[in-house]
Amino acid sequence: MQRGGPRHEVAEDPHQEVNLNKRITAMFVGAATFAVVAGFASTAYAFPTKTTACTSCHGGPDAQIAIKATQVSNTGTNATYNVSVASPYGGVVGWTVLSGSTNVANATASTGSFTVADGQTYALWSVDSLGAANFVTLSPVAPAPVPVPVPTPVPVPTPVPTPVPVPVPIPVPTPVPTPVPTPVPVPVPVPTPVPVPVPVPVPVPVPTPVPTPVPTPVPVPAPVPAPIVKSGPVTLHLTARHGRGLSRTIVVLENVLTHERFVAKTDRRGNVTFSSVPFGTYQVRVGSVRHGRAMGQITVGGDTSTRSFSMVSRMSRR
């Protein structure tokens, strides 16, 4: 928006020696010019739909333009204002509400209303008919929640218990004991004891003792000491064709001479340890449902206490 056109004054004739006709002509021209200027000044223009401050076209701001914005409601999200604008220079052309470069609301009147969002700052601009402009800043804030009054609990009177009547005990008459007659003792007859005859002991013949023959001692041969059998731990490591250990596989060691057997199962890495195996030659049998069967032979003995044995399953299926 712009202010009205520039004000012109009737220029005085610099020459003092003009005749009366020229002065009348000059006065007529000045009056006509003043009328044109006054007519131009009374038709200021404004564009409320613009997105820039009005001072970019009209200058100012002019504090004589009275802008009143009253907040009439606030929902906690949006605020609604009533607008009234008054100018001492002339009628109001219009007003607009800007949020930065955004035109939020506008009208070509001196009053109106608009609704904006809370939590932002807005500029309310207005321009009068002479091109004077002014603005006010609005920053609507959601109202603080009104605390809900907590009702004071009404004390409940403690009920007074109703007294329970205590029954009056009725006196019980003391019973009169009934006399018990004294029993008269009756004499019991004592029987005369009958003598029991004492039996005469009969002599028992004692047999003549027969001498027991003494057995001739039999010589016992001296015990032959049992041969000392040496033993030691045996550790085996079983692998399949792909090189991985055969886990949870049954392993049987059988002595080729005494046919004594030792049975154990490998761990998840394919290792199995027999803690005490007598020295000798053993046949090794391996049985796996997944990898088939395999056989081998090892000798337990020598200077080492632990023997390691690695064997690859042939994946034989029977």
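The structure is a predicted model, in which local features need pLDDT of at least 70, side-chain atom pairs count only at pLDDT 80 or more, and totals for chains, interfaces and linings use all residues. Residues are numbered from 1 along each chain as its sequence is written, and side-chain values use heavy atoms, with hydrogens and water left out.

The protein chain holds two helices and 14 strands. Both kinds of element are DSSP runs, numbered from the N terminus: helices are H or I runs of at least four residues, and strands are E runs of at least two. The chain has 318 residues, and 26% of them count as buried. Buried means under 20% relative accessible area, exposed means over 50%, and partly exposed lies in between (1.4 Å probe, protein chains only). The chain exposes about 24100 Å². Carbon and sulfur atoms supply 64% of that area. Accessible areas come from the Shrake-Rupley method with a 1.4 Å probe; for residues, only the protein chains shown count as cover. Contacts (heavy atoms within 4.5 Å) were also counted between residues at least 6 apart in sequence. Of these, 59% join residues at least 24 apart.

Strands of a sheet pair through backbone hydrogen bonds, either parallel or antiparallel. Here, two strands pair if DSSP finds at least two bridges between them. Angles run from 0 to 180 degrees between N-to-C directions, and axes are lines fitted to C-alpha atoms. S1 pairs with strand S2 (residues 78-86) over eight bridges. Ala 69 has Val 83 in S2 as its bridge partner.

A further open sheet has four strands, ordered S4-S3-S6-S7, again with antiparallel pairing. Its edge strands are S4 (102-107) and S7 (133-138). Neighbouring strands are turned by 20° against each other on average, direction ignored. Strand S3 (residues 92-99) and strand S6 (residues 122-128) pair over six bridges. Val 92 stands opposite Asp 128 in S6.

Asn 255 lies in strand S9 (residues 250-255). Asn 255 is buried, with a relative accessible area of 7%. A polar atom of its side chain lies 2.8 Å from the backbone nitrogen of Leu 257. For the backbone nitrogen of Thr 258, the distance to a polar atom of this side chain is 3.2 Å. Leaving out residues up to four places away in sequence, Asn 255 touches Glu 260, Phe 279, Thr 281 and Tyr 282.

Note on methods
A polar contact is a pair of N or O atoms within 3.5 Å; within protein, one must be able to donate a hydrogen and the other to accept it, and residues adjacent in sequence count only if both atoms are side-chain atoms.
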